[in-house]
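Hi there,

Here is the structure I promised to pass on.

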Amino acid sequence: MLNYVLARLLTFIPTFIGVTLVSFSFIRALPGDPILVMAGERGISEERYAELAAQYGYDRPILVQYWDYLTGVLHGDLGVSFVTKRPVWDEFFSLFPATLELSICAMVFAVALGLPAVVIAAVNRGKFFDRALMSTALVGYSMPIFWWALLLIIVFSGNLQWTPVSGRIGLQYYFPDPTGFMLIDSLASGQKGAFSSAVRHLILPTIVLGTIPLAVIARQTRSAMLEVLGEDYIRTARAKGLAPARINGIHALRNALIPVVTVIELSVGTLLAGAILTETIFSWPGIGKWMVDSIFRRDYPVVQGGLLLVAVLVMVVNLIVDMLYGLINPKIRKR
Amino acid sequence: MADTTQISSAPTRPSALREFWYYFRENRGAVIGLYVFSALVLIAVFAGLIAPHDPTAQNRAATLLPPAWQEGGNWSYILGTDPLGRDLLSRLLYGSQLTFLVGIMVVLLASAGGIIIGLISGFAPKWVDTIIMRTMDIILSFPALLLALVLVAILGPSLINAMIAIAIAYQPHFVRLTRAAVLAERSKDYVISARVAGAGLPRLMFITVLPNCIAPIIVQAALSFSNAILDVAALGFLGMGAQPPTPEWGTMLAESREFILRAWWVVTFPGLAILITVLAINLMGDGLRDALDPKLKRS
């Protein structure tokens with residue numbers, strides 16, 4: 001197991017370096033001079049230009065610049081936003097809880113709804129419920145989620161007036177946010193109605209972001225369940241006279257869950273990409289909206305830093321999932 | 001020698017196709033998907049003939065007209081008009097051309113690049129293989145939509161740049177699939193015998209091995225086709241894809257966002273068009289997977 005962990009860690013390093021190279025090249029690949037972009041439309045004097053070039057290190061050889069960038073990154077220095085003048089690192093981590101909260105809710109939504117439905121469908125293979133669920137899953141899988149979000153807004157916010165259209169909480173509530181998770185902070189603030197306001201703000205974004213993971217879980221777990229249900233040990237369990245709910249819900253599902261770990265791994269990218277769209281539509285103050293806004297504002301240090309941190313996030317989750325795999329399935333360790 | 005191979009391969013070819021069709025037909029959803037897809041292709045090809053109006057012609061007297069069957073609707077604008085008084089149906093019909101163009105171009109770019117790099121990776125010495133695979137890992141560390149957004153920020157927003165960006169983001173999947181298939185095939189007897197018979201590396205790569213790796217690539221191509229449509233529409237929706245007044249479905253959604261509570265049709269129909277197209281392709285993709293995957297066939 002230790003060898004496996006070490007080997008896997010070793011592949012992390014070149015990928016990390018590559019990712020830093022990509023984010024480093026990003027600013028240099030842009031058309032136009034970053035300092036002129038920063039100066040805006042007013043232009044800039046030559047002395048000031050030289051001063052800024054020296055400050056950002058653009059006057060030094062490219063390899064030196066990269067080395068400075070890499071050491072900076074390793075110390076948590078990702079530069080400063082052109083627009084807010086705050087360090088990119090701080091901005092990322094002050095917004096990250098919002099994205100994390102939304103992603104966790106979306107994943108919980110997908111798993112809590114998906115797994116029970118799939119178990120029922122797989123046990124009743126080919127019957128009406130199974131076919132209806134699989135058709136629904138395919139529709140969900142094919143859904144342009146930005147359109148889905150607009151439809152939900154039309155129905156639930158527009159016609160029924162059940163849910164708010166944007167933001168994380170009603171404007172009348174104000175309280176400190178030590179954790180950054182609105183659900184926890186609103187509960188801790190003790191203000192009347194704050195928690196329910198936070199929940200109502202979360203409902204539509206959660207459904208939108210959870211739709212594709214839900215569809216993927218339904219499709220993947222069903223085939224895994226069907227495979228497991230045909231195994232000998234399930235027949236043995238049946239022959240022993242165990243209750244069907246116990247067999248299906250525990251014996252079969254537990255083994256069918258292994259591919260679900262993969263789905264969760266793959267979902268991290270899906271969630272982050274989905275967060276870009278979901279957060280933009282619902283004005284959810286998280287990483288996705290931050291990145292899109294920064295691209296439009298030409299706030300390149302933010303785009304650069306955000307790109308790197310998102311990629312590292314994906315890599316770390318993949319690393320953890322691979323370790324979990326090694327733990328669950330000893331065969332993988334040997335490879 | 002050449003004659004015998006021709007004789008032996010002649011009868012197997014049509015039967016392989018017939019076998020494929022036999023399994024594909026088993027899947028009712030896939031056949032429905034194929035019909036819908038064919039209909040959409042016909043619509044895209046003949047959009048210029050079917051469309052009742054010019055997709056960019058504005059009629060200031062008829063802005064935000066509801067669909068014909070609703071009160072205030074007009075039968076010359078069957079699905080209603082958008083905020084600038086353009087015919088929604090005509091825009092959707094012309095938009096289908098862009099959608100297919102996007103799907104085909106992304107799949108061609110991503111698969112052609114991916115197959116060649118994958119073949120090289122599978123046949124090249126280990127250090128080249130390692131470099132290629134690590135590079136692919138790096139690309140895969142970025143969520144496709146985010147990578148595409150950033151690439152478009154560099155290249156400038158346009159439909160072509162959106163396609164290129166998404167093709168780059170999808171390429172690693174083709175590389176991995178091709179490489180895995182090549183590694184599985186490379187040590188088989190027929191490849192060794194071809195090599196012993198004196199086949200050069202290019203012939204070995206493209207003529208001997210590639211045809212036997214093609215099944216998973218086709219399935220991946222179908223998947224990429226539908227994902228590309230979704231992602232390009234998403235880029236258009238974010239304002240980073242096709243630019244107005246192009247009748248691209250995602251861009252149409254973005255233009256009509258502020259009217260969602262007043263005019264449901266400007267939002268509903270473009271999205272529905274995306275959903276139906278993607279759904280049809282995914283249904284076909286499922287059929288392709290079942291028909292081409294020998295493991296699932298017998299179960």
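To start with a question: how far apart do the end C-alpha atoms of residues 198-218 of chain A lie, and how much of the span is helix? The end atoms are 28 Å apart, and the span is 100% helix and 0% strand. Helices (H or I, at least four residues) and strands (E, at least two) are DSSP runs, numbered from the N terminus.

Some housekeeping before the rest. This is a predicted model, in which local features need pLDDT of at least 70 and side-chain atom pairs count only at pLDDT 80 or more, while totals for chains, interfaces and linings use all residues. Residues are numbered from 1 along each chain as its sequence is written, with chains lettered from A and ligands numbered from 1 in the order in which they are written.

On confidence, the model has an ipTM of 0.85 and a pTM of 0.86. For chain B the average pLDDT (the predictor's confidence in each residue, from 0 to 100) is 85, and 93% of the residues score at least 70. Two residues are in contact if their C-beta atoms, placed from the backbone, lie within 7 Å.

The UniProt record (an unreviewed entry) marks residues 198-218 of chain A as a "transmembrane region", along with 7-27, 100-123, 135-156, 256-282 and 302-328. Such annotations may be inferred rather than shown by experiment. Residues 256-282 of chain A are 96% helix and 0% strand, with 35 Å between the end C-alpha atoms.

Now the contact between the chains: 35 residues of chain A meet 33 residues of chain B. On the side of chain A, two or more residues each come from α1 (2-29), α6 (128-141), α7 (145-159), α12 (258-282), α13 (287-297) and α14 (300-328). α1(A) gives the most, with 7 residues. By class, that side has 29 nonpolar, 6 polar and no charged residues. Here Ala, Val, Leu, Ile, Met, Phe, Trp, Tyr, Cys and Pro count as nonpolar, Asp, Glu, Lys and Arg as charged, and the others, Gly among them, as polar.

Within chain A, an automatic or database assignment gives domain 1 (20-74) and domain 2 (90-332). Their centres, taken over C-alpha atoms, are separated by 38 Å. The contact takes 8 residues from domain 1 and 6 residues from domain 2. On the domain 1 side, α1 and α2 (34-39) of chain A give two or more residues each, and α1(A) gives the most, with 4 residues. That side divides into 6 nonpolar, 2 polar and no charged residues.

Best wishes
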